[in-house]
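Please view the sequence and the structure before reading on.

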Amino acid sequence: VGVDVFFVISGYLITSIILAEMTKGDFSLLRFYERRARRILPALFVMLLVCLPMAWMWLDPPDLKAFSKSLAAVPLFSSNLLFWRESGYFDAAAELKPLLHTWTLAVEEQYYVLFPLLLMAGWRLGRGAIVALLAVLALASLALAEHGARQESVAAFYLLHARAWELLIGAFIAFYFTWRPRSVEPGLQAQVGSLLGVAMIGYGVLAFDHATPFPGVNALLPTLGAALVILFAHPGNVVGQVLA
């Protein structure tokens, strides 16, 4: 559930940056990728260096060999593909994969290789056309995720095609705020909306387990909850104050 919330937040933040620059007419794809590298790679490499001696000391040879594969895959943002081919996320071997959590970063970066290109290609079509296209893609991705979840497909858990809709939920919020700025004085609607969002995320955290089909329609609960928090949390209401 934390992963799903993360994807919505990521989609919102990065799309907001892209749209702000594209609206001003000074978006640079090279500069965008450079900022992503500066933001992610230093911390990523530190984390890999810390894991190296720990893996050397504690892992048995077969697990150390698997670790070396993931060590090579992580900087290429392809670890989700590696872990998809190896096993399911919740099997016992997960405890012996120090870099397992990096699959989320791989999904995110694969998305941000494609997403700016899509926006640049469709920018001249206008906001309505772009949002409609993204909505179709989001619905298709959700359908693939639901199908994969029902079939207990590990691919639906790890791969971009079944996760893109979560990032796109955040992107839709960015589109909304770009052309309709956030209200300075939130009212009762914002208070209720933000509280409902937190409740939806909390229910997912407490009620979902390894037997819950995921990440299909069940993932709508935490992702839409995250969307409500982004939309309605404000320094002037309870949720905004607590999260601040």
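On a 1 Å grid over the protein atoms alone, a cavity is a set of points where a 1.4 Å probe fits but cannot get out, whereas a pocket is an open set with protein on both sides within 12 Å along at least five of seven lines; lining residues have an atom within 4 Å of a point. Points are joined across faces, edges and corners, and a volume is the space filled by probe spheres set on them. The model is predicted, with local features needing pLDDT of at least 70 and side-chain atom pairs pLDDT 80 or more, while totals for chains, interfaces and linings use all residues. Numbering starts from 1 along each chain as its sequence is written, and side-chain values use heavy atoms, without hydrogens and water.

**Cavity**

The whole structure holds one cavity of 30 Å³ or more. The lining of the largest cavity consists of D63, A66, F67, S70, F83, E86, L96, K97, P98 and L99. At least two lining residues come from each of α3 (61-73) and α4 (79-86); helices are DSSP runs (H or I, at least four residues) numbered from the N terminus.

| Space | Volume | Lining by class | Top contributor |
|---|---|---|---|
| Largest cavity | about 50 Å³ | six nonpolar, one polar, three charged residues | α3, four residues |
| Second largest pocket | about 430 Å³ | ten nonpolar, four polar, four charged residues | α2, eight residues |

**Pocket**

The second largest pocket has a volume of about 430 Å³. It is lined by 18 residues, of which R36, R39, I40, L105 and E108 are the closest to its centre. Two or more lining residues are given by each of α1 (2-24), α2 (29-58) and α5.

**Helix α4**

In α4, the buried residues (under 20% relative accessible area) are S79, N80, L82 and F83. Seen down the axis of α4, these buried residues fall within an arc of 160°, so they line one face of the helix; the arc is that of the directions from the helix axis to the C-beta atoms. They pack against α3, α5 (103-122) and α7 (154-158), with contact meaning heavy atoms within 4.5 Å.

R85 also lies in α4. This residue is exposed (over 50%), with a relative accessible area of 68%. Between R85 and A164 there are 79 residues in sequence and 19 Å in space, C-alpha to C-alpha.

Terms used. Ala, Val, Leu, Ile, Met, Phe, Trp, Tyr, Cys and Pro count as nonpolar, Asp, Glu, Lys and Arg as charged, and the others, Gly among them, as polar. Buried means under 20% relative accessible area, exposed over 50%, partly exposed in between (1.4 Å probe, protein chains only).
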